[in-house]
Amino acid sequence: MLLRLLPYIKATGLILFLGFACLPLVQMTMISFIATLPQPGTEVGSLTFGNYANILSDPNLRAAFGNSIAYVLINICITVPIAIPAAYAFSRMSFLGDKHLFFAFIAFRITPPVVLTLPIFQLFSALGIVNSVFGIALAHCLFNLPISIWILQGFISAIPKEQDETAFLDGYSRPRFIWTFLLPQIAPGIAVTAFFCFMFSWVEVVFARILTTTNGKPISMAINALFGFQTDIGLVMAVTVASMIPGAVLVFSMRHHLSRGFKVGKI
Amino acid sequence: MKERNNTGWLFVLPAALLLGLVGLIPLITVINYSFFEIFILDRRFWVGTEWYNEIISSGRFWASFGRSTLFSTFVLAIQIPLGIAIALCIPKRQFWVGLALAGIALPLLVPWNMIPSLWLSLLNPDTGIIGRIMAAFGWSAEWKMSAVQTWAVIIIMDTWHWTSLVVILCYSALTTIPASYYQAAAIDGASPWQVFRHIQLPKLHYVLLMAVLLRFMDSFMIYTEAFPINAGGPDGATMFLAVDLGEEIKAFNYGPSAARSVLYFLIVLTVAWLFTKAQNKIDAPEAPRAT
């Protein structure tokens, strides 16, 4: 009896969870279409697209979107090329201290950002990269690089070792082997890795806050700046809705990679 | 077997250099600061282990340590089983998978500093959906006053935010199971529980390791989400380690906050290390594998 009901139980469970996941977002979207501050032409409490129009007309908000996209892209462009050889080495080679080094890398992923905020701010101001998107992109490598190595290592380990050996017998050098054979095979893995970098980096606020005191603010900080004596909650919610669109599009286009499954290696 | 070859270092070098720059140098700086009384960053006095003595002998540190541990326990006990269950519920048909995954991932895409605002507006008795429903039933939530209710709000909020990550990780691992495993199980007449216990759960092994570690660490350092809800209140009941530390940094007590950071880092590191030790013990019996 219970067995025949199982598909229905599963569907109900999934729908309940989706409802739970979307409830705050429904509330947010509703408020984003309501005028919450008096503005010429619209009454407070009336339905309006004005909040979204205000995003477009506010140069600070437009710049914030540009900054967020820029630092996430820079971060991915730094993280992925550095993570691939490291993941390859951890997956295929045994070298002095490899296990300890891998654990040390993971340790940086689990280091609370609050712990390192002050010295990172000092270091980056000495390097002159405070208030720039590059600074945030670099700081986010702290947690994105270890997680990328971890994910990519799983993907590389899933590829049979014999293939490497055949290629080396054919006279391929290791870097060339990685470029011509390995990369095309782990392409889904690279996409998943880039997606995780995006996900952790786009929404992060601790480093983004301390590294952008005057300039180069990402969306999260631009939202913070909207809170004040009279907060236009409608605009705040509209900016939040808009900030989620790139991620939602990305998840949807990534669905085949995510649902094809990926392996995670051991520590 | 892996080949023994120290050229592996060359491949890891770029990653090690980058993490050395953004991770190791700041970490050493923090350790250095923790032994000084600092007025301005150029003027400081060596105080030895004074801050450490002070912190370890103070009840405040251990109380916030206890609160963080309890919070992480709740988070893991709720989010890991829930995440696995929801991952098992995701349908097989391609189109629905895409929609379900996108819907599930949405909470992960909200900027962290907006999450408390979202939940506060949801709980607002005048304008929020949940707040109105509760008001209609005549339930008044005194969650700013009651420690239990503040905890409940933070735990529900964290569950909302992060269970999706567990779901996505578990779902990805589940899809790597070849269909032949399920066919064999069907022929043997295995019950759904047996299929889960002997086919699905073993495949989730490493993914769960990752999920538990990430969820433990991130919940242990919860700051951005917990602080705006009730500023550590009521009466310090939600003063978690990171919230406490954040207050200290805001007050410009660099020396003590550096010492606190170091202790904090050591705790996290120890837990992660114990975790991998335990993991290796579980792995050990099945060591002679042909991989």
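Modeller: The account below begins with the interface and then turns to each chain.

Chain B brings 101 residues to the contact, and chain A brings 97 residues. Between chain B and chain A an area of about 8700 Å² is buried, and carbon and sulfur atoms supply 79% of this area. On the side of chain B, the residues that lose the most area to chain A are F11(B), L19(B) and L109(B); together these three account for 9% of what that side buries.

The rule finds 1 salt bridge between chain B and chain A. This salt bridge joins the side chains of R109(A) and D218(B), with a distance of 3.2 Å from N to O. Among the elements of chain B, helix α1 (residues 8-33) gives the most to the side that touches chain A, contributing 19 residues. Sorted by class, that side of chain B consists of 72 nonpolar, 24 polar and 5 charged residues.

Chain A may be considered next. Its secondary structure amounts to 13 helices and 1 strand, arranged along the sequence as α-α-α-β-α-α-α-α-α-α-α-α-α-α. The C-alpha atoms of chain A fill a box of roughly 75 × 70 × 30 Å along the principal axes. Chain A has 267 residues, of which 54% count as buried. Of the contacts in chain A with a separation of 6 or more, 76% are between residues 24 or more positions apart.

Confidence in chain A has a mean pLDDT of 85, with 94% of the residues reaching 70 or more. Within chain A, helix α3 (residues 59-92) has the highest confidence, at a mean of 91, whereas helix α13 (residues 255-260) has the lowest, at 73. Where pLDDT is low, the predicted coordinates should not be read in detail.

Of the 291 residues in chain B, 51% are buried. In chain B, residues 24 or more positions apart account for 68% of the contacts with a separation of 6 or more.

Technical notes. Residues are numbered from 1 along each chain as its sequence is written. Chains are lettered from A and ligands numbered from 1 in the order in which they are written. This is a predicted model: local features need pLDDT of at least 70, side-chain atom pairs count only at pLDDT 80 or more; totals for chains, interfaces and linings use all residues. Side-chain values use heavy atoms; hydrogens and water are left out. Contact means heavy atoms within 4.5 Å. Buried area is the accessible area (1.4 Å probe) that two parts lose on being put together, summed over both. A salt bridge is a side-chain nitrogen of Lys or Arg within 4 Å of a carboxyl oxygen of Asp or Glu. Helices (H or I, at least four residues) and strands (E, at least two) are DSSP runs, numbered from the N terminus. Ala, Val, Leu, Ile, Met, Phe, Trp, Tyr, Cys and Pro count as nonpolar, Asp, Glu, Lys and Arg as charged, and the others, Gly among them, as polar. pLDDT is the predictor's confidence in each residue, from 0 to 100. Buried means under 20% relative accessible area, exposed over 50%, partly exposed in between (1.4 Å probe, protein chains only).
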